[in-house]
Amino acid sequence: MMNKKLRDQYWHLLCHRSELPQPGDFLRLQWLGQDVVAANDAGEIIVFDNLCPHRGARFFDAEYGNAPISCTYHGWTFQAGTLLIPAREKYKACELSKVSMGMLKTEWCGDFLFASVKPAQTLDMQLGDLSQQLASISMDINGRADWNAYTYECDWKIAIENGLDSLHTPYVHTETLGRLSLSDPENAYVADNSTASFQITDTSVAKKLKSAARLFSRTEPIEGYISIYLFPFTMLTSTCGLSYSLQNFFPSAQEQKTHFYSRLLKTSLRTGMPATSMDHFFLSTAEVNRQVFREDHHICSRIPIQNYDWNDVSRLSVDEEKIIHFRKSLQRVASTGEC
C-alpha cells in the first residue's frame, strides 16, 4: 500500500524535454505493474496511462520510439489533445461522454518533466532549494545518448539505499567508479531529498576530465562527482557535468523486483563543435555506466527482502547517513499517513 501511495502522491522525474523532440516521440516506464507513457503530442509533452480507455489494450509495447498514440485493437487514437473514435455513431453518446485518457498531472522544472497521479504537494514544495539547481542542470542537457532498462532482482528500497551508499564503492566498483578515487562525500538534505558531492582524488583522472570539460558548454559548474536523490524513486548523477545519468527505481508488483531505468543524457557541446564529435566519449561513458549498474544489481540481488528492515538505523555508519535520512523519511510517511 505504501508503494502505491508513494507513487501516486509524489512528483517523479520521468524524462528530459530533449528525449522527446519530435511529434510522435514516446517513452514507456513501468511502475507497480502498470505502464505510464510520456509522449510528444503535436508539440505538447503529455503523460498518460498506457491503456486505451475503450477495452484496456496497451497503446505501446516498445520502451521508446516514434509512433502515433493509436490502439491497434480498434483504432482509438489520441491526437492533438483529442480522442478520435472510429465509427463513433455506433456508440451511445452518453457512454462516450464519460470516456477519457488516463492523464497524469505534469510540471516542468527547467527542461525536466515531472509527473504525478495525485500529488500531495506542489513540485516546488517537494524539491525545495533543489529546484534552481535542477533547472540549471536541465538547460545544459541536449539529448539522450543511451537507454538502459531491466529488472533489478531486489526491492526498490534496497536499490535506492545502494545508490545512497558511498561506502561500497571501493569493494563493488573497483575497476569502474572506484577508479575516480572519490573523496568522502559532502552531504546536504532538502526535505526528503539529498545530495552528495565528491572530489576526484586521482590526479591523472581529474586532469583528463578537466581537459575534456573545455569541449562542453555548461552553465551549472560541477567539479568532481555529484549524486542527487529525489525522494522516493529517482537519482541523477554526473561526473564533472559532462553527461548526466537519470535513474528511476520504480517498485514492481512482484516482491523482490524493481523496474530499473537509466538514461545517459548528453551535455551540450561548445559552440562550433560538430554534433557528433563526442559520440565516442558518450559511448564510452554509457558502457562504464552499464557496468556500474550491473555491479550494483548483482550486490543488491544478494539482499533478500526478509533481511531488510527500514525501521532499523542502529547498525549504520557515519558514511551511511543518507540511508538514515531515507529510512527516517519512510518512517515519517508511514507514521503520519500523509502518503
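Five bridges join strand E13 to strand E14, and the two run antiparallel. Helices (H or I, at least four residues) and strands (E, at least two) are DSSP runs, numbered from the N terminus. Two strands pair if DSSP finds at least two bridges between them. Within this pairing, Thr195 stands opposite Ile228 in E14. The model is a predicted one, in which local features need pLDDT of at least 70 and side-chain atom pairs count only at pLDDT 80 or more, while totals for chains, interfaces and linings use all residues. Residues are numbered from 1 along each chain as its sequence is written, and side-chain values use heavy atoms, with hydrogens and water left out.

E13 and E14 belong to an open sheet of seven strands, ordered E11-E17-E16-E15-E14-E13-E12 with antiparallel pairing. Its edge strands are E11 (141–152) and E12, each of which pairs on one side only. Neighbouring strands are turned by 15° against each other on average, direction ignored. Axes are lines fitted to C-alpha atoms, for helices over the stretch in contact, and angles run from 0 to 180 degrees between N-to-C directions.

Helix H5 lies across E11, E13, E14, E15 (234–239), E16 and E17 of this sheet, running at about 155° to E16. The loop between H5 and helix H6 (169–172) holds Ser166. Ser166 is buried, with a relative accessible area of 19%; buried means under 20%, exposed over 50%, and partly exposed in between (1.4 Å probe, protein chains only). Leaving aside residues up to four places away in sequence, Ser166 touches Pro185, Phe198 and Asp319, where contact means heavy atoms within 4.5 Å.

Helix H9 covers residues 321–336. The expected span of a helix is 1.5 Å times one less than its number of residues. For the 16 residues of H9 this gives 22 Å, and its end C-alpha atoms are 22 Å apart, which agrees. The buried residues of H9 include Ile323, Phe326, Leu330 and Val333. Among the elements that cover the buried residues of H9 are helix H1 (2–9), H5 (156–164) and strand E12 (186–190).

A second open sheet has three strands in the order E1-E10-E9, again with antiparallel pairing. E1 (12–16) and E9 (105–109) stand at the edges with a single partner strand each, so one side of each is left without a neighbour in the sheet. The twist averages 35° from one strand to the next. E1 pairs with E10 (residues 112–116) over four bridges, and Cys15 has Leu113 in E10 as its bridge partner.

The aromatic rings come next. Rings of Phe, Tyr and Trp (its six-membered ring) pair if their centres lie within 6.5 Å; planes under 30 degrees apart count as stacked, over 60 as edge-to-face and the rest as tilted. The whole structure holds 24 aromatic pairs. One of them, Trp76 with Tyr91, is edge-to-face, at 5.7 Å centre to centre and 80° between the planes. Trp76 lies in the loop between E6 (69–70) and E7 (77–79) and Tyr91 in the loop between E8 (82–84) and H2 (93–96), so the pair ties together parts 15 residues apart in sequence. Trp76 counts as buried at 2% relative accessibility, whereas Tyr91 is partly exposed at 28%. The rings of Phe249 and Phe260 have centres 5.3 Å apart and planes at 35°, so this pair is tilted.
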